[in-house]
There are 2 protein chains.
Amino acid sequence: MTANPASAEELDFLSFVDFAVAKTTRELGAVDPEAMRLVLTLHRLTSALVYDLESAVHRPRGLSWPGFRVLFVLWLAGPLESKRAAQLSGMSRAAVSALVNTLEKGGLVERRQAEHDRRAVLLELTEAGHDTITQDYQAHNEREQAWAESLSHEERTTLIGLLQKLMTGAAASEAKRRF
Amino acid sequence: MTANPASAEELDFLSFVDFAVAKTTRELGAVDPEAMRLVLTLHRLTSALVYDLESAVHRPRGLSWPGFRVLFVLWLAGPLESKRAAQLSGMSRAAVSALVNTLEKGGLVERRQAEHDRRAVLLELTEAGHDTITQDYQAHNEREQAWAESLSHEERTTLIGLLQKLMTGAAASEAKRRF
DNA sequence: AGCCGATAGTCAAAGCTTTGATCAAGGAGG
DNA sequence: CCTCCTTGATCAAAGCTTTGACTATCGGCT
């Protein structure tokens with residue numbers, strides 16, 4: 001599939017995929033090496049990407065990655081009930097509640113009581129929050145572009161299509177999810 | 001690119017991608033919508049996948065996702081120095097140290113002093129740890145297969161190739177990383 | 001031999017995550 | 001009107017993460 005699996009001595013985070021697939025298929029009978037490689041590659045690539053975006057873009061600007069995600073959905077779809085913000089950002093309601101404490105202290109988000117339902121809490125960006133996320137997202141997208149440049153336009157289109165297909169597929173639909 | 005961006009009312013975690021791309025390009029000038037869609041899709045798909053694997057496979061068997069990752073590298077490449085385990089599993093040394101406390105209490109991993117360097121700690125699976133990870137990984141791979149079935153063999157090959165290209169590309173190489 | 005910068009692992013503080021419990025409020029049926 | 005089930009948000013406990021500090025050790029250089 002790719003290069004020769006390195007010996008255990010000279011492995012790194014990325015080349016470990018080759019090593020793992022080779023060794024596992026040798027040791028275990030019923031393993032599907034292609035599915036293994038797909039998931040392993042997907043996970044490691046995404047980890048590296050998120051780590052890069054968080055450490056190079058968001059942390060230097062004073063945002064955590066989860067904080068960025070919440071501001072992002074409030075920016076685009078806000079004001080939102082706390083529950084909706086959790087759905088759209090892919091976090092639990094409890095996580096949003098805890099995170100908004102931090103964002104509120106930082107003056108980026110405001111809590112407000114909903115009118116139609118006194119249990120619900122409306123979340124809305126402050127002016128400072130709006131400024132923060134627009135500037136932050138500019139830098140975020142520049143870094144995204146740097147990553148995307150490794151692929152041609154056609155390759156990017158193909159990749160997006162395949163990811164979407166996987167995302168809407170059978171396993172994804174029946175997956176346990178909080179979303 | 002895909003379906004009509006839904007109105008803010010009926011969005012969910014997945015369809016939010018369309019909505020976000022449309023709205024952001026309307027509001028911000030210099031954004032590359034293709035790079036945006038690529039990263040957003042990649043991240044959301046991977047989150048959903050990891051959440052499914054963790055909640056459907058590993059938690060019911062008593063492992064956390066990080067715990068699984070450490071056992072996995074020790075299974076395939078162990079025994080390993082703590083530092084190597086961190087590199088191969090994509091965690092910080094401190095995180096491995098904390099995690100191994102838990103795994104050691106559970107009787108799955110043993111700490112041992114290295115002979116060649118008295119600073120180094122060797123991590124090794126116990127017998128119970130080996131049994132745990134082999135059984136756990138079987139179930140893990142079955143679930144991976146269910147996800148992979150959404151794509152044809154050719155599509156999977158294409159997807160893996162594109163992910164690898166992205167992973168070894170320019171931005172990835174210069175990315176801030178701990179790996 | 002002795003010094004000194006580099007390295008391995010751990011600890012500490014702060015933040016985010018999870019699940020499950022709790023409490024307040026909504027809403028349907030009697 | 002009242003009961004009962006459901007739902008929204010928060011809290012609590014436990015675990016994992018990060019960065020930065022600290023200790024012990026290594027190893028090259030004088």
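I began with the pairing of S2(A) with strand S3 (residues 121–125) of chain A, which is antiparallel and runs over 5 bridges; strands here are DSSP E runs of at least two residues, helices H or I runs of at least four, both numbered from the N terminus, and two strands pair if DSSP finds at least two bridges between them. The model is predicted, with pLDDT of at least 70 needed for local features and 80 or more for side-chain atom pairs, whereas totals for chains, interfaces and linings use all residues. Residues are numbered from 1 along each chain as its sequence is written, chains are lettered from A and ligands numbered from 1 in the order written, and side-chain values use heavy atoms, without hydrogens and water.

I looked up the partner of Glu110(A) and found Glu124(A) in S3(A). The open antiparallel sheet has 3 strands in the order S1-S3-S2 (chain A), with S1 (80–81) and S2 (109–113) of chain A as its edge strands.

I then turned to the largest nonpolar core, which has 115 residues and joins buried Ala, Val, Leu, Ile, Met, Phe, Trp, Tyr and Cys through side-chain atoms within 4.5 Å. H2(B) gives its largest share, 12 residues.

Definitions and conventions. Buried < 20%, exposed > 50% of the residue type's maximum accessible area, 1.4 Å probe, protein only.
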